[in-house]
Amino acid sequence: MCAYQAYCGADPVRNYLESSNIIHNMNGTQFCDKNKYIFDYLYALMLTEACNCLCLICPQPPKKHDPVLYSAALKVLDLIKNKDIENICITSGEPTVIDGFSHILGRCNVEHPDANVSILTNAKRFTNIDFTKKDCRCINKKKLFCISIHSDIYSTHDKIVASRGSLKSAQSGIYNLAKYNADIEIRHVITRLNYNRLHEFAEHMYRYFPFCAHYVFMSIGLHELADKNRDMVYIDPYEYKDMLRKAVISMRVKGFLVSIYNTSSLPST
Ligand code: SF4
């Protein structure tokens, strides 16, 4: 049996489109090869399931912090110490809400200085300049803070993450990270609540956040809360393809590095 079979059902929409079967075993396909590569070369450190947001599109709804996850992350770092690791992803919930975040990031930096480390965060805690300074004082250019920003409008972003004041905090967090030369990736998940301002969002990035290393537009994966809130948040990429094209082109001509992730439609019923 394939050691990666547990992950074969990880993209039910694509599975259905390719094989009319939600739990399709994709052994031997390009998708399978890509995932095997990712699992061979990427170490994911899941620090906690706790979070300071409750996004309508969350694929993994927040839970009370379980210290076992943090201990397991430390154990993984022990096991890969002195090994040549290419990629590490610090993920969660929201990794910065637990006290051990700085320790884990510091260990990644010292023990794997050449590894690409992605930190998936909503950036709210980086609004505290002392917290940011502590985490950024010794990071190198291989550390990338991947930050979700869902709108240029406060009320829209805050509605999507179900937490008032979140966009203000996230934006101030991004500026603090930039002050300490952190590399930043902006992730914009396209939903029914924000799809009609893609061009305005692109302009907002140009005016206020032109210093980021990478900008990503993503469509929704319908898992957990995103699935529960499907009527409110889901939109078929076909509906916004022209607006997305315009937004991406406007960023590209300004010299931004832009990517589009996960743009498959749901199968029609
Ligand atoms: S998607 Fe939102 S609620 Fe879920 S972990 Fe990320 S920031 Fe927290």
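How many residues does helix α11 have, and how far does α11 reach from its first C-alpha to its last? I got 17 residues (237-253) and 23 Å, close to the 24 Å expected at 1.5 Å a residue; the expected span is 1.5 Å times one less than the number of residues.

Housekeeping: I'm working on a predicted model, where local features need pLDDT of at least 70, side-chain atom pairs count only at pLDDT 80 or more, and totals for chains, interfaces and linings use all residues. My numbering runs from 1 along each chain as its sequence is written. Helices (H or I, at least four residues) and strands (E, at least two) are DSSP runs, numbered from the N terminus.

Back to α11. I found a bend of about 35° at M243, taken as the angle between axes fitted to the seven residues ending there and the seven starting there. Y240, L244, A247 and M251 are its buried residues (20 or more other C-beta atoms within 10 Å, C-beta atoms placed from the backbone). They pack against β5, α8, β6 and β7. G255 follows α11 with a positive phi, near 90°.

Next, the ligand. I listed C51, C53, L54, C55, C58, Q60, P62, G93, E94, N122 and V161 around the ligand (C-beta, placed from the backbone, within 6 Å).

Then G93, in the loop between β2 (87-91) and α4 (101-111). G93 is buried because 25 other C-beta atoms lie within 10 Å. Beyond four places in sequence, I see G93 in contact with T48, E49, A50, C51 and P62 (C-beta atoms, placed from the backbone, within 7 Å).

Technical notes:
Buried ≥ 20, exposed ≤ 12 C-beta atoms within 10 Å, placed from the backbone. Contact = placed C-beta atoms within 7 Å.
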